[in-house]
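Please read this report alongside the coordinates and the sequence.

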Amino acid sequence: MKRIRLTIAYDGTGYCGWQIQKNAVTVQEELEKALCRLLGKETEVTGASRTDSGVHAMGNVAVFDTDTRIPPEKIAIALNHFLPEDIRIQKSEEVADDFHPRYCESEKTYEYTILNTPIGIPVRNRYSFHVCRPLDLCAMQEAAGILVGTHDFSAFCSAGSQVKSKVRTVLETTVEERAAPAGREIVIRVRGNGFLYNMVRIIAGTLIEVGQTRRTVASVEEAVRSGERDKAGPTAPARGLMLMEIRY
């Protein structure tokens, strides 16, 4: 047996997240169905990030064990023949038997895209959150800097999380402007060693409120210090979030 690591890109619009669920279509389900067709038997995959319903990925990671004779680097091409067009394997490679995508030390990078234009652009709807009111980029950048470091991010975690510790380390948080038709896009980029349930989307929702002058930069620091969910901003819509990369 050998362990194969897959790097996976997908449009999350039509899926109820990564993890298999009853009565819902998920990315993991589609991947396991494709592997069954390719390998001729049921094969379980283990993913690195259980992205939520509607969240996209450029570089999610999953592993599975197999005794197939297909060369590891060829599995990506073969598997893509059995996958829907909105899921694509970018790379396949053999890794050590003890490699685990969730438990091995890693850094994850997410991007949240805001379409900041007076009127929405329909072709951008799947991959960005439209905000018509002009956003104060400098204020958002200042607030983003407060989140860098090791903190208790309880205020940036949705109810329902069962993790014991909500201390996480954010290595980088940037807010950048990009040109877009009839306006601009603002991209929030967050890199860290692990994230809580909806943490990046709550960070995005909080920074959007700062950009709209609906909350102060100081209120972000207070939210971190308090650990109270109602001191942070709302959970931004899933469609603007993209898992960009997982680096081990």
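Predicted model: local features only at pLDDT ≥ 70, side-chain atom pairs only at ≥ 80, totals over all residues.

In helix 3, which spans residues 137-146, the buried residues are Leu137, Ala139, Met140, Ala143 and Ala144. Because these residues cover an arc of only 160° around the axis, they lie on the same side of helix 3. On the other side of the helix, Cys138 and Glu142 are exposed.

The buried residues of helix 3 pack against several elements, namely strand 5, strand 8 (167-180), strand 9, helix 4 and helix 5 (217-226).

## Packing of helix 3 with helix 4

Two packed helices are described by the angle between their axes and by the distance between those axes. For helix 3 and helix 4, the latter made of residues 199-211, the angle is about 140° and the axes are 8 Å apart. Since an angle counts as roughly antiparallel when it is over 145 degrees, helix 3 is described as oblique to helix 4. The crossing of this pair is right-handed.

On the side of helix 3, the contact is made by Ala139, Met140, Ala143 and Ala144, and these residues meet Leu207, Ile208, Val210 and Gly211 of helix 4. Sorted by class, the contact of helix 3 with helix 4 comprises 7 nonpolar residues and 1 polar residue, with no charged residues.

## Packing of helix 3 with helix 5

The axes of helix 3 and helix 5 come within 9 Å of each other and cross at roughly 20°, so the two helices are roughly parallel to each other. Their crossing is right-handed.

Here Ala139, Glu142, Ala143 and Ile146 of helix 3 meet Val217, Val220 and Glu221 of helix 5. By class, the contact of helix 3 with helix 5 has 5 nonpolar and 2 charged residues, but no polar ones.

Ile114 belongs to strand 5, and its relative accessible area of 0% makes it buried. Setting aside residues up to four places away in sequence, Ile114 touches Phe129, Val131, Leu135, Met140, Arg184, Glu185, Ile186, Ile188 and Ile208. Among these contacts, Met140 is one of the buried residues of helix 3, while Ile208 is a residue of helix 4 that is met by helix 3. By contrast, Asn80 is 34 residues from Ile114 in sequence, and the two are 30 Å apart in space, C-alpha to C-alpha.

Thr109 is also found in strand 5, which runs over residues 107-116, and it counts as buried because its relative accessibility is 3%. When neighbours within four places in sequence are left aside, Thr109 is in contact with Arg189, Val190 and Arg191, as well as with Met242, Leu243, Met244 and Glu245.

Arg184 is placed in strand 9 and is buried, with a relative accessible area of 16%. The C-alpha atoms of Arg184 and Asn116 are separated by 5.4 Å, although the two residues are 68 residues apart along the chain. Apart from neighbours within four places in sequence, the contacts of Arg184 include Ile114, Leu115, Asn116 and Thr117, together with Pro134, Leu135, Leu137, Glu177 and Arg178.

Pro72 is found in the loop between strand 3 (56-66) and helix 2 (75-80), and at 15% relative accessibility it counts as buried. Not counting residues up to four places away in sequence, Pro72 touches Lys2, Ile4, Ser92, Glu93 and Glu94. Between Pro72 and Trp18, which are 54 residues apart along the chain, the C-alpha separation is 23 Å.

## Positive phi at two asparagines

Most residues other than glycine have a negative phi. Asn23, however, has a positive phi near 60°, and the phi of Asn198 is likewise positive, near 65°.

Asn23 lies in the loop between strand 1 (2-10) and helix 1 (27-39), where it counts as exposed at 85% relative accessibility. Asn198 lies in the loop between strand 9 (183-192) and helix 4, and this residue is buried, with a relative accessible area of 12%.

Notes:
Residues numbered from 1 in each chain as written. Heavy atoms only, no water. Axes fitted to C-alpha atoms, helices over the stretch in contact; angles between N-to-C directions. Helix = DSSP H or I, 4+ residues; strand = E, 2+ residues; numbered from the N terminus. Parallel < 35°, antiparallel > 145°, perpendicular 65-115°, else oblique. Left-handed = near helix turned anticlockwise from the far one by under 90°. Contact = heavy atoms within 4.5 Å. Nonpolar A, V, L, I, M, F, W, Y, C, P; charged D, E, K, R; others polar. Buried < 20%, exposed > 50% of the residue type's maximum accessible area, 1.4 Å probe, protein only. Arc of directions from axis to C-beta.
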